[in-house]
Amino acid sequence: MVKQERARRTYEAILDAAAEEFVSLGYARTTLGGVIAHTDLTKGALYGHFSSKEDLARTLVRHGAAVWARLLADIDSARLAPLTALRTLTVSLALEVWADVRVRAAFRLASEMPGDSLTGGPLLTEVWCFLVHHTRRAQESGEIRMRCSAEAVAQILLSLVLGFQHVPRAQREVPVKDRIEELWVVVATALRSPGPSTDPSPGARAMLER
């Protein structure tokens, strides 16, 4: 049991160190040497759990995919109205990204690694499709009145989720959930207002549909 617990702690320490490196440097610049430097482990200890940098990255992406699957299952089981589903997903996922360096790493890796190198699902694509689909449903039901493309709304919400972590240190004294909820209110208030048309130009529309 003691040996198993030591192996588990080593495994967790490696994943956390790798996540920090991937978040800071990206996939291409991260090295196994850099990961080891963030721990008190030997190269042999790392290779006892992971065969390569790609193996580490795939494990982190699977972690992110598991978190996403859990959030999605909660939303699906609750049978929420479209705009409420968007709010729940945006706030919940932003909190996960903020609190869990492995989730932050998973999203960065999902945007940088080739699709055939990922296991656990095309994470960013699935989140994007959820946001676009529920935005369209909210538009059809009249919950979203602003005249804009579903893709533009999805881009704003995805930016909120992934960019929330980049705030000045002084602002981190505000309770995280309160600030995310406040940001959602700002976005939702705009979405509920008809406002001027913001339909994309033909060129912009073609880019969004790719």
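**Exercise 1: two helices crossing**

In this predicted model, find the handedness of the crossing of H5 and H9, then describe how the two helices pack.

*Solution.* Start with the handedness: H5 and H9 cross in a right-handed way. Next, recall that a packed pair of helices is described by the angle between the axes and the distance between them. For H5 (residues 82-99) and H9 (residues 176-192), the angle is about 145° and the axes lie 10 Å apart. Now look at who touches whom. H5 brings Leu83, Leu86, Arg87, Thr90, Val91, Ala94, Leu95 and Trp98, while H9 answers with Val176, Lys177, Ile180, Glu181, Trp184 and Arg192. Finally, sort these residues by class: nine are nonpolar, one is polar and four are charged.

**Exercise 2: a pair of rings**

How many aromatic pairs are there, and why is the pair of tyrosine 11 and phenylalanine 50 stacked?

*Solution.* The count is three aromatic pairs. For tyrosine 11 and phenylalanine 50, the ring centres are 5.2 Å apart and the planes sit at 20°, so this pair is stacked. Then check where the partners sit: tyrosine 11 belongs to helix H1 (residues 2-29), and phenylalanine 50 is in the loop between H3 and H4. That's 39 residues apart, so the pair links distant parts of the chain.

**Exercise 3: the largest pocket**

Work out which helix gives the most to the lining of the largest pocket.

*Solution.* First, the space: about 150 Å³. Next, the lining, which includes Val23, Arg104, Phe107 and His166. Helix H6 (residues 101-112) gives the most, with four residues. By class, the lining holds four nonpolar, three polar and two charged residues.

How values were computed:
Residues are numbered from 1 along each chain as its sequence is written. This is a predicted model: local features need pLDDT of at least 70, side-chain atom pairs count only at pLDDT 80 or more; totals for chains, interfaces and linings use all residues. Side-chain values use heavy atoms; hydrogens and water are left out. On a 1 Å grid over the protein atoms alone, a cavity is a set of points where a 1.4 Å probe fits but cannot get out, and a pocket is an open set with protein on both sides within 12 Å along at least five of seven lines; lining residues have an atom within 4 Å of a point. Grid points are joined across faces, edges and corners, and a volume is the space filled by probe spheres set on the points. Ala, Val, Leu, Ile, Met, Phe, Trp, Tyr, Cys and Pro count as nonpolar, Asp, Glu, Lys and Arg as charged, and the others, Gly among them, as polar. Axes are lines fitted to C-alpha atoms, for helices over the stretch in contact, and angles run from 0 to 180 degrees between N-to-C directions. A crossing is left-handed if the near helix is turned anticlockwise from the far one by less than a right angle, and right-handed if clockwise. Contact means heavy atoms within 4.5 Å. Rings of Phe, Tyr and Trp (its six-membered ring) pair if their centres lie within 6.5 Å; planes under 30 degrees apart count as stacked, over 60 as edge-to-face and the rest as tilted.
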